[in-house]
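Welcome, and take a moment to look around.

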Amino acid sequence: MHDSPHDPYVRVRGAREHNLDGVDVDIPRDALVVFTGVSGSGKSSLAFGTIYAEAQRRYFESIAPYARRLIHQVGAPVVGEITGLPPAVSLEQRRSSPNARSSVGTVTTLSNSLRMLFSRAGRYPAGAERLDSDAFSPNTAAGACPSCHGLGRVHDTSEELLVPDPDLSIRQGAVAAWPGAWQGKNLRDVLDALGHDVDRPWRELPAKDREWILFTDEQPVVTVHPVREAGRIQRPYQGTYTSARRYVLRTFSDSKSTSLRAKAESFLTSAPCPVCGGGRLRPEALAVTFAGRSIAELAALPLTALSGVLAAGAGEPGDGTETARVLGEDLVARIATVTELGLGYLSLDRATPTLSNGELQRLRLATQLRSGLFGVVYVLDEPSAGLHPADTEALLVVLDRLKATGNSVFVVEHHLDVVRHADWLVDVGPGAGTHGGRVLHSGPPEGLADVPESATRRFLLDPAPAPVREVREPSGWLRTGPVTRHNLRGVEAAFPLGALTAVTGVSGSGKSTLVGALTEEPSGAGRPVTVDQRPIGRTPRSNLATYTGLFDVVRKLFTETEEARARGYKAGRFSFNVAGGRCETCQGEGFVSVELLFLPSTYAPCPDCHGARYNPETLQVRLRGLTIAEVLDLTVESAAAFFGGTPAAARSLRTLLDVGLGHLRLGQPATELSGGEAQRIKLATELQRPHRSPTVYVLDEPTTGLHPADVEVLMRQLNGLVDAGHTVIVVEHDMDVVAAADWVVDLGPGGGDEGGRVVAAGPPAEVARSRESRTAPYLARALAE
């Protein structure tokens with residue numbers, strides 16, 4: 001090993017994280033290094049799971065032990081040793097839990113500077129007291145409007161929303177907003193005990209009673225005597241009543257469940273707060289102006305427009321002209337880095353949950369650009385995700401600038417323009433899962449020509465021309481609009497049925513908004529099916545087998561074995577989520593958390609089941625020689641051979657193989673899957689459903705996170721769906737995919753206020769000739785190739 005302090009390489013030895021097969025690799029510092037390989041090959045395990053995780057672990061070791069306990073720490077990576085590793089900053093595509101108070105301004109910290117500007121250099125009404133910067137924040141008690149608590153909107157509900165069908169009685173479910181299952185039954189029984197008639201149609205109840213049931217703030221407690229059910233003894237209990245309005249508002253504001261919040265939101269109306277007019281602040285803060293506008297008005301402007309106002313306003317004579325100039329110039333310079341990354345269309349008050357993963361990562365990247373760090377390793381996860389080819393060029397300039405200021409930039413990337421721009425290429429493969437985990441090439445990109453087994457080589461160095469395909473004739477048209485939301489103003493669009501349509505445009509032009517409106521409108525072709533990249537589950541208990549329904553088939557097969565029948569085992573016995581068959585020491589997790597007081601919690605295999613998840617009695621039942629734990633450990637490929645004679649299992653496994661997921665294990669936790677893998681699992685689940693009638697499938701950027709070889713597999717599936725009579729609509733930036741579509745709808749011409757309209761629509765060759773479209777030149781190049 002080279003231990004010289006001047007050794008210019010990060011040297012990794014014996015990396016075994018996830019599927020890495022004892023990887024040894026040397027990576028140069030002070031360079032733009034790109035990690036490539038098919039999805040699931042192990043490139044993220046090397047860049048994030050090993051190099052970044054080790055840098056973070058070393059940093060935590062330098063912190064006082066007491067402080068270390070307060071930080072969520074990642075465990076140590078499985079690696080022999082790493083030398084020459086500087087401190088690292090990670091910019092991943094993960095998003096934290098959606099929070100209505102998180103905005104572009106808070107992520108980039110631009111809001112802090114703007115608040116300081118208003119506090120120190122704003123124009124106050126005559127006789128008004130100077131306010132602290134906290135008074136200009138809707139997220140503090142000092143600044144938030146007391147009526148809407150700083151959210152800018154007030155939510156309420158009405159009888160029509162809560163009771164859509166007044167002909168039903170309460171027992172029949174008239175109050176649609178109530179929860180399901182036992183909770184709903186409990187509220188009904190409480191009303192019965194309070195003396196309300198739960199069997200009369202809702203419209204026949206006295207208006208006074210209807211008002212109380214839906215809107216009261218009282219929460220009376222009453223003794224409930226449940227109706228006796230056959231074979232079940234139910235004792236009286238104390239039940240508390242909650243009105244429908246109170247339940248809906250509480251669920252909407254407090255629930256962590258996205259589906260419960262979405263259901264609650266469907267019973268609510270939303271309107272600008274009557275007190276602050278949507279400005280989110282107290283009246284005294286909204287009365288302060290800069291360049292003739294309040295802070296709420298400036299926060300609503302696109303960043304490009306805000307920059308212009310600040311530059312002009314900083315020179316105006318005011319109370320603190322010098323302060324205004326210094327703060328204004330700093331803000332303008334910091335906004336410039338965000339607009340350089342193609343995000344000038346965003347406003348400071350745009351809520352973070354409405355941003356795409358790519359936009360969020362680039363905002364974090366812009367913040368890092370201004371930090372001026374030196375000698376750091378930046379580890380980026382597909383920074384080109386969600387970027388139009390025009391914006392990718394600006395991204396490359398930014399990455400070069402990070403490198404030029406003395407940093408190392410390690411990028412996990414599939415976009416061939418970024419790969420070609422690299423100083424050094426680390427290609428991991430050759431396949432995915434157990435077929436990958438090896439470094440095939442580590443050196444300058446042109447050296448990949450000597451590595452025939454690399455899946456990247458063919459696309460990077462000698463791409464084959466795409467096969468010429470006849471453009472399909474539409475069987476009809478699906479029309480949407482007029483849509484007015486975000487930057488779309490009364491936009492109407494038409495999509496051909498029985499064809500593959502690509503929706504294109506620069507970042508922020510309104511593509512996802514238009515397609516989102518399409519999925520909300522039931523059409524003649526039925527409600528569209530959305531296949532997105534959200535995780536299939538948020539806990540390790542959710543896995544490939546449980547999500548696709550395959551696990552139900554497997555458990556049924558185990559209950560049909562002679563041993564299980566002799567013991568009287570039912571399907572629940574073979575679930576690791578319920579007591580009975582699972583190992584109770586680890587509660588079916590397969591591992592236990594070992595709390596080390598001053599070190600990160602570490603996970604060790606369960607001492608009783610050794611990672612099998614089940615108790616010894618359950619593991620004595622075998623299906624053709626394998627235990628349930630061994631079946632969960634099979635890859636999709638091996639399982640397809642094992643279950644070949646079981647039609648219900650074989651169909652699921654065949655569709656998973658068709659979308660290129662043969663490398664995944666049946667029991668692989670959902671938390672270990674990439675966004676691209678999660679989307680393809682959803683696609684496979686849709687493909688195995690017997691859709692007899694033509695269906696509209698909507699995919700938002702399906703090629704994100706996919707290697708060009710995986711894109712070929714995906715396109716085969718999507719074309720197969722269209723050939724079977726279905727309609728596929730994709731929002732896409734990959735010009736090879738767009739060139740292979742039947743129809744293109746291009747939005748733009750720019751992002752934000754400069755976009756939001758259909759610039760061109762038609763077959764790819766026609767759109768490529770458009771003078772106004774910013775997509776046209778890149779599409780023309782793809783068609784020519």
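Is Pro764 buried or exposed? With a relative accessible area of 5%, Pro764 is buried; that word means under 20% relative accessible area, while exposed means over 50% and partly exposed in between (1.4 Å probe, protein chains only). A word on the model before going on: it is predicted, so local features need pLDDT of at least 70 and side-chain atom pairs count only at pLDDT 80 or more, while totals for chains, interfaces and linings use all residues. Residues are numbered from 1 along each chain as its sequence is written, and side-chain values use heavy atoms, with hydrogens and water left out.

Back to Pro764, which lies in helix H28 (residues 764-767). Helices (H or I, at least four residues) and strands (E, at least two) are DSSP runs, numbered from the N terminus. Leaving aside residues up to four places away in sequence, Pro764 touches Val738, Ala739, Ala741, Asp742, Trp743, Val744, Leu779 and Leu783; contact means heavy atoms within 4.5 Å. The C-alpha atoms of Pro764 and Val738 are 7.1 Å apart in space, though the two residues are 26 apart in sequence.

**A largely enclosed helix**

Helix H4 (residues 110-121) is largely enclosed by the rest of the structure, because nine of its 12 residues are buried. Among them are Leu110, Leu114, Leu117 and Phe118. The cover over the buried residues of H4 includes helix H3 (104-108), helix H11 (295-299), helix H12 (303-313) and helix H13 (321-340). The end C-alpha atoms of H4 are 16 Å apart, in agreement with the 16 Å that its 12 residues should span at 1.5 Å a residue; the expected span is 1.5 Å times one less than the number of residues.

**Rings**

In the whole structure, a search finds 14 aromatic pairs. Rings of Phe, Tyr and Trp (its six-membered ring) pair if their centres lie within 6.5 Å, and planes under 30 degrees apart count as stacked, over 60 as edge-to-face and the rest as tilted. Tyr9 and Trp424 are edge-to-face, because their planes are at 65 degrees, with ring centres 6.2 Å apart. Tyr9 is in strand E1 (residues 9-15) and Trp424 in strand E12 (residues 424-429), so the pair ties together parts that are 415 residues apart in sequence. Tyr9 is partly exposed at 25% relative accessibility, whereas Trp424 is buried at 15%.

**Salt bridges**

How many salt bridges does a search of the whole structure find? There are 33, each a side-chain nitrogen of Lys or Arg within 4 Å of a carboxyl oxygen of Asp or Glu. Here are some of them:

| Asp189 | Lys185 | 3.2 Å |

Asp189 and Lys185 both lie in helix H6 (residues 181-193), four residues apart, or about one turn of the helix. Asp189 is buried at 12% relative accessibility, and Lys185 is partly exposed at 26%. Asp217 is exposed at 55% relative accessibility, and Arg246 is partly exposed at 30%.
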